[in-house]
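I opened a new notebook page for this structure. My entries follow in the order I looked things up.

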2 protein chains.
Amino acid sequence: MSARDAFTAIADPTRREILDLLRDHGELMAGEIASNFASASRPGISRHLRVLKECGVVSAERDGQAQIYRLNPRPLREIHDGWLAAFARMQVDSLKALRRRVEGPKRRA
Amino acid sequence: MSARDAFTAIADPTRREILDLLRDHGELMAGEIASNFASASRPGISRHLRVLKECGVVSAERDGQAQIYRLNPRPLREIHDGWLAAFARMQVDSLKALRRRVEGPKRRA
DNA sequence: GGATTGCGTAACGAATCGGTTACGTGTAGA
DNA sequence: TCTACACGTAACCGATTCGTTACGCAATCC
């Protein structure tokens, strides 16, 4: 159970879809979430939900027999504002790229 | 060769470190990159570099016997400005959370 | 030409992943 | 209490991941 961080959470496309659903609907029962997927069975979704919970991007609450899942956007925003921001700020500087292409590979010691 | 997207690229902590190095140094030889890791051997890093290249977040160029790697920030910025932005915009609305805690779980049909 | 350097690849193994079916458990309702 | 429902978990499977060591190949240096 090593790398249970938000990067792991969003690495899988099915989990990203789950997060999309929760973002759009606010909160959803486990079954409601599962019924949105033809690509995976209910137990499969259940395990994705557990992973998402372990990664801290989702929280669950019992309500009778229902299990209500809710999004916790904080870890995602931390990625957005933290690690990823440093790369998003980089301009793709096509001038520099062009010069590289014209002049050929930069010689180094 | 299924999911070779930028989400896959950044899922692994070693690959994130490689991207950090390239962001800080502009461009690096494969060996220079590998020498920064005690946790992985040179062939291991070489394969990470291949994955990063397949994910489109890195480009490589031959220069003599050196292989020069360079960052391509565009896919990362696309994640930042695209999918992740929708979650980053969500405020964590602690008032709503408090109300939920006070009133108990929201009853649903 | 022969040795050295830089780097990729093949082959292998342990661990994890993502899916399945079958089952167990707690709550709701008759 | 008996039944139905919602959900999680166990067990199993094939595929992938991430690390290793051994090797091959092209370029450079003497």
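Which residues does B:V57 touch, not counting residues up to four places away in sequence? I found B:A6, B:A9, B:L19, B:L52, B:N72, B:P75 and B:L76. I note that this is a predicted model.

**Core.** Next I looked up the largest nonpolar core, which has 46 residues. B:V57 is among the members that touch the most others, along with A:A6, A:V57 and B:A6. I recall that nonpolar side chains tend to be buried together in soluble globular proteins.

**Chain A against chain B.** I then turned to the contact of the two chains. Chain A gives 29 residues and chain B gives 29 residues. On the side of chain A, the elements with two or more residues include helix 1 (6-9), helix 2 (13-25) and helix 6 (83-88). I sorted this side by class: 19 nonpolar, 2 polar and 8 charged residues.

**Two helices of chain A.** I checked helix 2 and helix 4 of chain A. Their axes come within 10 Å and cross at roughly 75 degrees. An angle of 65 to 115 degrees counts as roughly perpendicular, so I logged these two helices of chain A as roughly perpendicular to each other. Helix 2 makes the contact with A:T14, A:R15 and A:I18, and helix 4 with A:H48, A:V51 and A:L52.

**DNA strand C.** Last, I looked around DNA strand C and found 22 residues. A:S41, A:G64, B:M29, B:G31 and B:P43 come nearest. Helix 4 of chain B supplies the largest share of this surface, 5 residues. By class, I noted 8 nonpolar, 11 polar and 3 charged residues there.

Definitions and conventions. Residues numbered from 1 in each chain as written. Chains lettered and ligands numbered in written order. Predicted model: local features only at pLDDT ≥ 70, side-chain atom pairs only at ≥ 80, totals over all residues. Near = placed C-beta within 6 Å. Helix = DSSP H or I, 4+ residues; strand = E, 2+ residues; numbered from the N terminus. Nonpolar A, V, L, I, M, F, W, Y, C, P; charged D, E, K, R; others polar. Contact = placed C-beta atoms within 7 Å. Core = buried A, V, L, I, M, F, W, Y, C linked by C-beta atoms within 7 Å. Buried ≥ 20, exposed ≤ 12 C-beta atoms within 10 Å, placed from the backbone. Axes fitted to C-alpha atoms, helices over the stretch in contact; angles between N-to-C directions. Parallel < 35°, antiparallel > 145°, perpendicular 65-115°, else oblique.
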